[in-house]
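Please look over the sequence and the 3D structure shown below before reading on. The paragraphs that follow go through a few of its parts in turn.

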Amino acid sequence: MKMLIGIALLPACWAASFAVYELYQTSVGSAAASGWEAWALPIGFLLWVLLFFLLPRPVRTYVFGHELTHALWALMMGGRVGKMKVGKSGGHVELSKTNFVITLAPYFFPFYTFLIIAAYYLAGLSVEVEPYRAWWLGLVGLTWSFHITFTVHMLSQRQPDVQEHGRIFSYAVIYFMNVLVIGVWVVLVGGPEFKSFGDLLAHETTAAYSFAVQYILLARDWSASLVQTLK
């Protein structure tokens, strides 16, 4: 059943990707007039990619964020958190409940990016943060790149979290949720409204599933005609 759900999510993954791309083009990506600010996010992203491959990897930092993400999502879903263990070889946190969202959360929720965005808005309640916006965007790009590089690296290995729910289902959920999270922080960073993102997502999802259904029906008709020919 989870494998079928994973396959059914593929058009949604496609639709979400297009929606976020269009959202980015009309928000952060259209800020060319603001000079260095328009390049801050991609520069931060590329900087971490270089550091990831050139310097020793801060695995313990990633594992710490990974386990805290499990704990955070468990708390949001009414669970209780017990002891947590973090090390270079892996980590573990005791939870009173779990489900596929809690299990897969570290692979789609950029914990450190969330902290950077939250810190910026909280600081803005008491001080003027606009002059530091470009540096903030750079940190958003860097921490998101940290999340993406480590997620890809970890998923290239055997992960019990993924094995628990099956690869097709897990990868589809991880990709879809990553794209949705990107859309949310593009709204927070770039200034468009959540309604704009919702409208784009609804439009692209309808188009993607209409396209998929159309080709499924064509494949069915082709298969039926082939069977008749063979008879």
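How many salt bridges does a search of the whole structure find? The search finds one salt bridge, a term that stands for a side-chain nitrogen of Lys or Arg within 4 Å of a carboxyl oxygen of Asp or Glu. Before going further, please keep in mind that this is a predicted model, in which local features need pLDDT of at least 70 and side-chain atom pairs count only at pLDDT 80 or more, while totals for chains, interfaces and linings use all residues. Residues are numbered from 1 along each chain as its sequence is written, and side-chain values use heavy atoms, with hydrogens and water left out.

The salt bridge joins Lys195 to Asp199, whose closest N and O atoms are 3.0 Å apart. Both residues belong to helix H10 (residues 194–230), where they are four residues apart and therefore separated by about one helical turn; helices here are DSSP runs of H or I with at least four residues, numbered from the N terminus. An α-helix has 3.6 residues a turn, so residues three or four places apart point the same way. Lys195 counts as exposed at 57% relative accessibility, whereas Asp199 is partly exposed at 43%, given that buried means under 20% relative accessible area, exposed over 50%, and partly exposed in between (1.4 Å probe, protein chains only).

The next part to find is helix H4 (residues 59–76), whose axis comes within 11 Å of the axis of helix H7 (residues 133–155) and crosses it at roughly 90 degrees. Two packed helices are described by the angle between their axes and the distance between the axes. The axes are lines fitted to C-alpha atoms, for helices over the stretch in contact, and angles run from 0 to 180 degrees between N-to-C directions. H4 and H7 are therefore roughly perpendicular to each other, because angles of 65 to 115 degrees count as such, while those under 35 count as roughly parallel, those over 145 as roughly antiparallel and the rest as oblique. Val59, Thr61 and Tyr62 in H4 meet Phe146, Phe150 and Met154 in H7, where contact means heavy atoms within 4.5 Å.

Two threonines of H4 can be set side by side. Thr61 is partly exposed, with a relative accessible area of 36%, and, leaving aside neighbours within four places in sequence, is in contact with Tyr112 and Phe146. Thr69, also found in helix H4, is buried, with a relative accessible area of 1%. The side chain of Thr69 reaches the backbone oxygen of Gly65 at 2.7 Å, and, when neighbours within four places in sequence are left aside, Thr69 is in contact with Ala105, Pro106, Phe109 and Phe111.

H5 is mostly covered, with eight of its nine residues buried, among them Val101, Ile102 and Thr103.

How values were computed
A polar contact is a pair of N or O atoms within 3.5 Å; within protein, one must be able to donate a hydrogen and the other to accept it, and residues adjacent in sequence count only if both atoms are side-chain atoms.
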